[in-house]
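Hello,

Here is the structure I promised to pass on. Please keep it open while you read my notes below.

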Amino acid sequence: MSRIVSLISGIIFGVGLTISQMINPAKVLSFLNIFGNWDPSLAFVMIGALIISSPFFYLFKNNKKPVFADNFSYSNNKKLNKKLIIGSSLFGAGWGLAGLCPGPAIASLALLNTSSVIFIITMFVGFYLSNIYKTKKNS
Amino acid sequence: MNIVNFTPITAFTGGLIIGLAVILFFVFNGRLIGISGIASNFLTSKNNRMDNFLFLIGLIIGPIVYKFITQKEINISISNSLLLLAIAGLLVGAGTRISGGCTSGHGISGIGRFSLRSIVATVTFMIVGILTVLIKNII
């Protein structure tokens with residue numbers, strides 16, 4: 001059952017990215033262009049998503065079991081460290097260069113766009129490299 | 001500063017729909033949606049691999065469902081400089097893994113749980129994204 005929920009969540013998420021136009025890199029770049037011709041629309045994506053999700057996070061905060069899994073599993077990392085700032089900065093630079101972040105990039109594969117394919121390939125190379133680095137560091 | 005192409009209603013609606021996907025995945029599967037995490041775990045970890053795969057497939061089906069229901073074309077405009085896309089993808093891939101999240105993982109799931117770490121990450125990648133666009137426009 002969890003697999004059906006995964007598929008459905010993915011579809012709904014993809015629909016949301018499309019309706020909001022978060023899937024359009026040009027829209028993202030004009031959202032980030034606050035010193036030029038600024039399109040503030042995408043701030044409302046975050047507001048909408050937070051209004052609906054945060055009450056549920058709060059309600060389910062205390063030890064209730066999820067419906068199709070044994071327990072809630074997510075990171076409870078609270079560390080504010082250099083890695084957080086460096087990683088977020090690298091991500092911000094990539095986001096500002098192409099206007100793509102992981103969700104919209106993958107969803108845009110539906111539009112059979114070669115540009116997003118290039119981005120996704122190197123994004124996965126980035127995942128892979130940082131994973132090797134992490135494993136090496138921990139061993 | 002000039003405000004252009006402002007579409008707060010579709011952005012907000014898309015945000016609500018994204019929030020709905022986040023709730024479903026959380027309440028039923030006990031997990032938080034972070035696309036960079038789901039995509040990189042699909043690549044590097046055997047845990048929940050099928051769930052992660054189906055979520056990503058759903059993400060690609062999302063825009064197709066949107067097109068089918070609304071009968072509207074999805075217009076996106078994306079850079080066709082392969083070098084720029086490749087560098088951006090690498091930065092996004094490595095950066096999101098170093099900081100443990102992207103626009104969805106930190107920006108929605110993390111902030112929705114009032115995680116200070118995610119707030120710091122989101123503010124950082126927003127600022128760097130804005131600066132990157134600014135510098136790109138100057139050059």
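**Two loop residues in chain B**

Gln71(B) sits in the loop that links α3 (49-70) and α4 (82-99) of chain B. Gln71(B) has a phi near 60°, a positive value in a residue other than glycine. Most residues other than glycine have a negative phi. Gln71(B) counts as exposed because its relative accessibility is 66%. The cut-offs are these: buried is under 20% relative accessible area, exposed is over 50%, and partly exposed lies in between (1.4 Å probe, protein chains only).

Asn5(B) is in the loop between β1 and α1 (8-29) of chain B. Its phi is near 45°, again positive in a residue other than glycine. Asn5(B) counts as exposed too, because its relative accessibility is 58%.

**How to read the model**

This is a predicted model: local features need pLDDT of at least 70, side-chain atom pairs count only at pLDDT 80 or more, and totals for chains, interfaces and linings use all residues. Residues are numbered from 1 along each chain as its sequence is written, chains are lettered from A and ligands numbered from 1 in the order in which they are written, and side-chain values use heavy atoms, with hydrogens and water left out.

**Chain A on its own**

Chain A has six helices and one strand. From the N terminus, the order is α-α-β-α-α-α-α. The C-alpha trace spans about 45 × 40 × 30 Å along its principal axes. Chain A has 139 residues, and 52% of them count as buried. Now take the contacts in chain A with a separation of 6 or more (contact means heavy atoms within 4.5 Å). Residues 24 or more positions apart account for 42% of them.

Is Ser30(A) buried or exposed? Ser30(A) counts as buried, because its relative accessibility is 15%. Ser30(A) belongs to helix α2 of chain A. Leaving out residues up to four places away in sequence, Ser30(A) touches Asn37(A), Trp38(A) and Asp39(A).

**Where the chains meet**

Trp38(A) also has a place in the strand story: Trp38(A) stands opposite Ile3(B) in β1(B). Two bridges join β1(A) to β1 (residues 2-3) of chain B, and these strands run parallel. Strands pair if DSSP finds at least two bridges between them.

How many residues does each chain bring to the contact? Chain A brings 106 and chain B brings 104. Together they bury about 9,500 Å², with 78% of it on carbon and sulfur atoms. Buried area is the accessible area (1.4 Å probe) that two parts lose on being put together, summed over both. In chain A, Phe13(A), Phe57(A) and Leu97(A) lose the most area to chain B, together 8% of what that side buries.

Across this interface, the rule finds 28 residue pairs in polar contact, both residues at pLDDT 80 or more. A polar contact is a pair of N or O atoms within 3.5 Å; within protein, one must be able to donate a hydrogen and the other to accept it, and residues adjacent in sequence count only if both atoms are side-chain atoms. On the side of chain A that touches chain B, the largest share comes from α1(A), with 18 residues.

Best wishes

Definitions and conventions
Helices (H or I, at least four residues) and strands (E, at least two) are DSSP runs, numbered from the N terminus.
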